[in-house]
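Subject: Handover of a structure and notes on its architecture

Dear colleague,

Please find below the structure that I am passing on to you, together with its sequence. My notes on the sheets, the helices and some local backbone features follow.

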Amino acid sequence: MTLYLPRTTTAQITEALMAERLSVGGGAMNMVLTLVIVTDEADHYDAVRAATEAGREHPSRVIALIRRDPDTEPAIDAEIRRPGTSGPGEAVLLRLYGPLGEHPDSVVTPLLVPDAPVVVWWPGIGPADPADDPMGRLAQRRITDALRAPDPLRDLVERVSHYSPGDTDLTWTRLTPWRSLLASAMDQPCGWVTAAKVTAESHYPSADLLAAWLSERLEVPVERETSHGPGLTEVRLITDQGDITISRADGRTATLSRFGQPDQTVALARRGAAQALAEELRRLDADEIYESAARHLGPLLAGSGVGA
């Protein structure tokens, strides 16, 4: 069931939320966090759907802030989707008109779940300094996605320069299966790694982040090469005993090749927004590994002449 409240106020929205919870016999105590999505009309459907899927693992109050005509009179149109319609949590879609779009924090604050963490997600182009954004200042975790920017790598590097604990980017989260597989491969005797290569389609910042992570962790030179994709297609670790290679040409399965051993086929599907978002919602503390890799990205690119 969806309740529509055109030209409403935050007080009326709060009353409607309380009435909806009472009607289903529950309260906000089941909500583990508030997830605020800052988006526009074009992106809100996919973003709310991804948040709904992630909410099956993390029951949340999802608040989607959709900015509309900035030159009209200030107004709020609201949609409230009760639990069951949008997973185990609640979803509130707020269309903000006029100057309200520039001050979304004043609208959202009364609607946050009491005593619960706040996570803000920008599924489109995010702010250069998320922690200094009006919405970012309300949050313990701030999630962006540099892949959506016109120049993804430049966007990521600029945002990293403003890093604050709690910031993260889905370009990093998409790497979790790759990082896990690489760590597993190196758990076995593999010799001394002397260099590495990361191959992916151009303008794919996850590959540059992976190169930065490998360079920082292994203290070896890492070469970034370009392929036709999709996404990340190969990682090669060059050791004094032979190469370890993970190749993925179809975006679904990969081949793990190790010197002196038969090839292995492993599942390595590209991750959607819902999977990546669900992973980020599992932790509300600062991601120190992301911070370390991201801070290494700028020097690595400067050394290679990329992004200069």
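The model is a predicted one. I begin with a strand pair in one of the sheets: strand S9 (residues 193-201) and strand S11 (residues 232-239) run antiparallel and are joined by seven bridges.

In soluble globular proteins, nonpolar side chains tend to be buried together. The largest nonpolar core of this model comprises 41 residues, and Leu210, Leu214 and Leu232 have the most contacts inside it. At least two residues of this core come from each of helix H4 (152-160), H6, S9, H7, S11, S12, S13 and helix H9 (288-304). The greatest contribution is that of H7, with seven residues. If residues up to four places away in sequence are not counted, Leu214 touches Leu182, Ala196, Val198, Glu219, Val222, Val235 and Leu237. Another core, of 23 residues, lies apart from the largest one and includes Val38, Val107, Leu112 and Val118.

I turn now to the other sheet. Eight strands form this open sheet, in the order S1-S4-S5-S3-S2-S6-S7-S8, with mixed pairing. Strand S1 (2-5) and strand S8 (167-169) are at its edges; each has a single partner strand, so one side of each is left without a neighbour in the sheet. From one strand to the next, the twist averages 15°.

Strand S2 (residues 33-39) deserves a separate note. Seven of its seven residues are buried, so S2 is largely enclosed by the rest of the structure. In a regular strand the side chains alternate between the two faces of the sheet. Both faces of S2 are covered, with Leu33, Leu35, Ile37 and Thr39 buried on one side and Thr34, Val36 and Val38 buried on the other. S2 and strand S3 (residues 60-67) run parallel and are joined by seven bridges. Leu35 has Val62 as its bridge partner in S3, and Val38 stands opposite Leu65 in S3.

Helix H2 (residues 44-55) packs on both strands and a helix. H2 lies across S2, S3, strand S4 (75-81), strand S5 (90-97) and strand S6 (118-121), and runs at about 160° to S2. The axes of H2 and helix H8 (residues 273-281) come within 8 Å and cross at roughly 50°. This angle makes H2 oblique to H8. The crossing of H2 past H8 is right-handed. Ala50, Ala51, Glu53 and Ala54 of H2 make the contact with Ala273, Ala274, Leu277, Ala278 and Leu281 of H8.

- Gly229 and Pro230 are joined by a cis peptide bond, with omega at about 5°. Pro230 is placed in the loop between S10 and S11.
- His203, although not a glycine, has a positive phi of about 55°. His203 is located in the loop between S9 and H7. Its relative accessible area is 61%, so His203 counts as exposed.
- Glu219 likewise is a residue other than glycine with a positive phi, near 55°. Glu219 is part of the loop between H7 and S10. Glu219 has a relative accessibility of 73% and is therefore classed as exposed. Glu219 is also among the residues that Leu214 touches.

With kind regards

Technical notes:
Residues numbered from 1 in each chain as written. Predicted model: local features only at pLDDT ≥ 70, side-chain atom pairs only at ≥ 80, totals over all residues. Heavy atoms only, no water. Pairing = 2+ DSSP bridges. Helix = DSSP H or I, 4+ residues; strand = E, 2+ residues; numbered from the N terminus. Core = buried A, V, L, I, M, F, W, Y, C linked by side-chain atoms within 4.5 Å. Buried < 20%, exposed > 50% of the residue type's maximum accessible area, 1.4 Å probe, protein only. Contact = heavy atoms within 4.5 Å. Axes fitted to C-alpha atoms, helices over the stretch in contact; angles between N-to-C directions. Parallel < 35°, antiparallel > 145°, perpendicular 65-115°, else oblique. Left-handed = near helix turned anticlockwise from the far one by under 90°.
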